[in-house]
Amino acid sequence: MRRVILAFAAAAPVALVLLWTRAPFAGLAVLALSHALLLYPTLSPNAKWLGPVATHFTTSRRDVWLTIDDGPTDDTEAILDLLDEHGVKATFFVKGALVRAYPDRARAIAARGHTIGNHSETHPSATFWCLPPVSIAREIDAAAGAIEDATGATTRWFRAPVGMKNPFVHPHLAARGLRLTGWSVRALDGVNTDIDAVAHRVIAGVHPGAIIAMHQGRLAGGRNAGSLACLTRVVAELKSLGYTFVIPDDEQVQ
């Protein structure tokens, strides 16, 4: 699908020129369609038109995969304590720049039995979707280097900032043995730390094999406690519904 979209995008300007004198509106329609075919998978986090995106995993049990973005931040230790208390394992998608600033927090994540994913070096949420290939490579590689320097570990998982990507992302990931990770359920706690709203959104969308995307480092009530409060509520409610939090094997993830 990716090759078809890129080939059509390359051919559309030619079609516009050829049709301009006889059917200009048809030419413009072809050009508009080519742009739409590029923009939709770029701006839609789980769209797989440009390449594979992991959105769930196979399981015969009531298992879910909790992923936590944007760390390591000041609340990392409290979140790790919460997860330990409930016997929860999670994957933290970290920013390389924060790992460099707080390597001890990254090491604590790994030491507590959680896994770490690559969430880019600087998390350029407004521009990642339109970055050129060299900048995308730099974001991926710098974060990977920070993770390895701090923990000695490598990761197979990459989550794009805000989940957006462009046609250059998948080739870079494939060359590095990385897989793009989306989600089944997006808590949206990165923009709204209302605990009731976050919990309702997750519970409404959860199912066995779901990948849950949440965040850390979010403020609430003037304190850096919004993420902790949301995670506490979501973990408690899912456990009450009989769900178990696991880190799936690579071959389970689809």
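Analyst: The lining of the largest pocket comprises 6 nonpolar, 5 polar and 5 charged residues; here Ala, Val, Leu, Ile, Met, Phe, Trp, Tyr, Cys and Pro count as nonpolar, Asp, Glu, Lys and Arg as charged, and the others, Gly among them, as polar. The model is predicted, so local features need pLDDT of at least 70 and side-chain atom pairs count only at pLDDT 80 or more, while totals for chains, interfaces and linings use all residues. Residues are numbered from 1 along each chain as its sequence is written, and side-chain values use heavy atoms, with hydrogens and water left out.

A pocket is an open set of points on a 1 Å grid over the protein atoms alone, with protein on both sides within 12 Å along at least five of seven lines; a cavity is a set where a 1.4 Å probe fits but cannot get out, and lining residues have an atom within 4 Å of a point. Grid points are joined across faces, edges and corners, and a volume is the space filled by probe spheres set on the points.

The largest pocket holds about 230 Å³ of space. Of its 16 lining residues, Val 162, Arg 186, Gly 190, His 215 and Arg 218 lie nearest the centre. Strands S1 (63–71) and S7 (210–215) each contribute at least two residues to this lining; strands (E, at least two residues) and helices (H or I, at least four) are DSSP runs numbered from the N terminus.

The second largest pocket, of about 150 Å³, is lined by Pro 52, Val 53, Ala 54, His 170, Leu 173, Ala 174, Leu 178, Arg 179 and Leu 180. Two or more of these residues come from each of helix H7 (169–175) and strand S5 (179–180), with H7 giving the most, 3 residues. By class, this lining has 7 nonpolar residues, 1 polar and 1 charged.

Helix H7 also contains Pro 171. With a relative accessible area of 37%, Pro 171 is partly exposed, that is, between buried (under 20%) and exposed (over 50%), with a 1.4 Å probe and protein chains only. Its C-alpha atom is separated by 9.8 Å from that of Leu 50, 121 residues apart along the chain.
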